[in-house]
Amino acid sequence: MSVFQIVQAGTAPGLPEPVSPRNVPHRGGDANPSAEALKLRFGGAVSRVDVVWGETAVTIDVARALEIVQWLHDDETQSYEYLVDVTAVEFRDRDQPMEMIWHLRSIKYRRFLRLKAQLPKGKPMHVPSICPVYKSADWLERECYDMFGITFDGHPDLRRILLWEQYAEGFPLRKDFPLRGRFSRAEQLRQALAANPEARYSMEELAIADAFEELPLDMRARIKGGESTGE
Amino acid sequence: MATTRTIEVELSTTGLGADGKPQRVPLVAGDAGSRFAHAPTDIESDLVGEHMLINIGPQHPATHGVLRLVLELDGETVVRCIPHIGYLHCGFEKIGEYRQYNQIIPWTDRDDYLNCIGNNIAFALGAERLFGIEITPRCIVLRVIAMELSRISSHLVWMGTTGIDIGAFTPFLWSFQERENIYNLLEGWVGARLTTSATRVGGMAADIPDGWLDGLHAFMRSLPKTLDECDRMLTRNGIWVGRTVGLGVMTPEEALNYGLSGPMIRASGVAYDVRKDFPYLDYETYDFEVPVGTSGDVYDRYLVRMEEMRQSVRIIEQAITRLPDGPVNVDDPRVILPPKHKATSEMESMIHHFKNVMEGPRPPVGESYVAVESPKGEKGYYMVSDGTSKPVRWRIRPPSFVNLSAIPKMVEGHLLSDVIAINASIDIVMGEIDR
């Protein structure tokens with residue numbers, strides 16, 4: 001005999017009942033208390049705090065992102081145990097157009113916090129990975145790398161996720177990337193037809209399977225010659 | 001008020017051990033206590049360490065779309081799972097940067113295509129936050145009805161297809177019959193069945209037609225019967241229990257750290273529901289309960305989804321009784337078009353109509369992230385506006401994407417046949433994952 005239970009319950013006891021937001025002001029309003037705590041704790045790393053449409057956005061120094069997120073996650077008074085999203089925004093006309101965005105939630109205290117960081121223009125973009133804190137950052141950071149070309153230092157397996165590994169047209173969500181893609185339709189078609197349909201497994205996967213010896217001879221020669229094998 | 005419903009089941013399979021961990025069928029010859037203990041120990045010893053690579057998908061009926069899993073197998077046990085996604089990638093977020101806000105709504109139909117009207121509403125809520133618009137009381141209640149209908153229809157598809165994956169065919173037919181009723185209702189309301197595009201910034205495309213609520217009442221009466229029938233077919237079914245209990249277990253801490261949401265995180269025992277914790281559309285005023293599982297396996301995810309459908313029925317019944325009269329669209333000429341008869345007869349209205357359609361409404365500079373509880377989990381739309389009629393950035397926070405990222409953790413150590421059950425329990429929609 002085994003017993004399974006479904007507990008029906010509300011959530012987060014001990015806090016006032018939340019209500020659906022109404023008549024939220026465009027600017028101003030109450031900031032998330034965590035913004036003040038971040039200023040106290042990290043001082044110079046916090047450059048500004050905005051409250052837009054009731055959501056608090058804290059702009060931080062990108063180099064200290066991992067440290068700040070780790071503290072928000074671990075500290076008892078903050079307890080941001082849930083990572084909602086990792087993404088980036090590129091603006092059209094700004095000195096520092098690229099902005100990293102982290103959305104964090106504290107389920108315990110029912111708080112929502114947006115962290116932002118400006119990335120320098122014209123240099124390779126490097127952001128510390130927050131994978132050591134949240135496992136969910138793994139795919140979200142891979143997608144951000146795939147779409148914007150931002151390198152996440154310390155990510156265990158940073159490679160393209162939605163596009164294929166040989167995708168050569170660049171990073172689609174950048175503003176200088178045209179909607180139709182960089183290559184002409186004819187070139188895209190030529191590449192699709194020239195793709196090797198045999199190349200279905202990555203080198204890593206082939207190494208797992210000990211299947212290398214069973215591949216066709218020409219494919220083995222191509223792999224040995226350093227050619228990458230499809231996705 | 002917390003209540004408990006207990007389901008007691010006689011187990012015919014090993015399932016969970018005393019420590020709450022899934023019990024592995026001992027496959028190693030000579031393992032003490034195994035039923036193969038009498039077998040000679042040197043049998044096939046040359047196979048030790050030889051692993052096999054198995055490819056599932058992207059064209060496989062049990063992967064629920066174009067998901068591809070590359071599995072490393074030791075015998076029949078999964079040692080490693082490498083998911084490949086992106087076969088359905090269309091660049092929704094890029095296209096959104098070239099569209100006005102109302103023009104993005106048809107794209108939201110196509111990201112999670114089992115929850116179309118729910119996505120429309122989620123996007124409209126985000127855009128309305130960005131414009132600073134308060135929608136009318138009638139619109140709020142209509143949207144609640146639509147969201148819960150779409151939750152029921154998504155869970156019905158989940159139950160049917162998961163049943164087929166695990167070997168139960170009948171619930172598929174029953175659940176799709178009920179889903180058909182929902183689509184007939186939606187067709188009567190907005191004209192489309194699947195890709196509804198039902199909302200506009202500031203309201204809905206249409207008010208419900210006369211007599212529509214009678215059809216909804218009839219559906220509310222027939223659905224619980226179907227749910228009871230499916231419940232009788234599955235909940236105590238020896239095959240169903242044997243193939244779901246103890247599979248893909250996620251502890252509460254793991255579920256939070258992997259960012260699971262929706263029924264996935266609640267089956268693991270974390271009572272996180274966006275409707276309760278960060279309410280929208282006045283969900284805090286409805287009387288409903290959030291089912292929370294205890295063991296975090298495939299079976300608990302099934303129980304949680306079944307219970308959610310019953311709770312959705314409760315919410316819809318309350319919404320019907322409180323549905324107020326009045327306009328559906330806000331009285332805000334920035335976003336709402338003039339009535340058609342005026343646009344074709346008055347010069348001012350025609351100019352207003354023309355400018356609103358051709359140039360599009362312009363929100364003030366700002367950004368908004370609005371999350372709703374979709375059937376899959378926390379679905380959020382993040383929009384950044386620079387004051388023009390098109391967003392600088394439109395980001396979809398896809399719950400299936402984040403839930404699926406935990407699949408290597410869930411399947412590793414289980415048998416190959418259980419991969420199908422675990423994958424089905426995530427309730428993935430590839431349109432939303434690849435976008």
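Analyst: B:Ser197 counts as buried because it has 20 C-beta neighbours inside 10 Å. (Buried means 20 or more other C-beta atoms within 10 Å of a residue's own, exposed means 12 or fewer, and partly exposed lies in between; C-beta atoms are placed from the backbone.) This is a predicted model, where local features need pLDDT of at least 70, side-chain atom pairs count only at pLDDT 80 or more, and totals for chains, interfaces and linings use all residues. Residues are numbered from 1 along each chain as its sequence is written, while chains are lettered from A and ligands numbered from 1 in the order in which they are written.

Where does B:Ser197 sit? Look in the loop between α5 (170–190) and β5 (199–200) of chain B. The phi of B:Ser197 is positive, about 45°, although the residue is not a glycine. Most residues other than glycine have a negative phi.

B:His64 also has a positive phi, near 55°, and is a residue other than glycine. Find B:His64 in the loop between β2 (52–56) and β3 (68–74) of chain B. B:His64 has 22 C-beta neighbours inside 10 Å, so it counts as buried.

To sum up, B:Ser197 is a buried residue with a positive phi. B:His64 is buried, and its phi is positive.

Terms used. Helix = DSSP H or I, 4+ residues; strand = E, 2+ residues; numbered from the N terminus.
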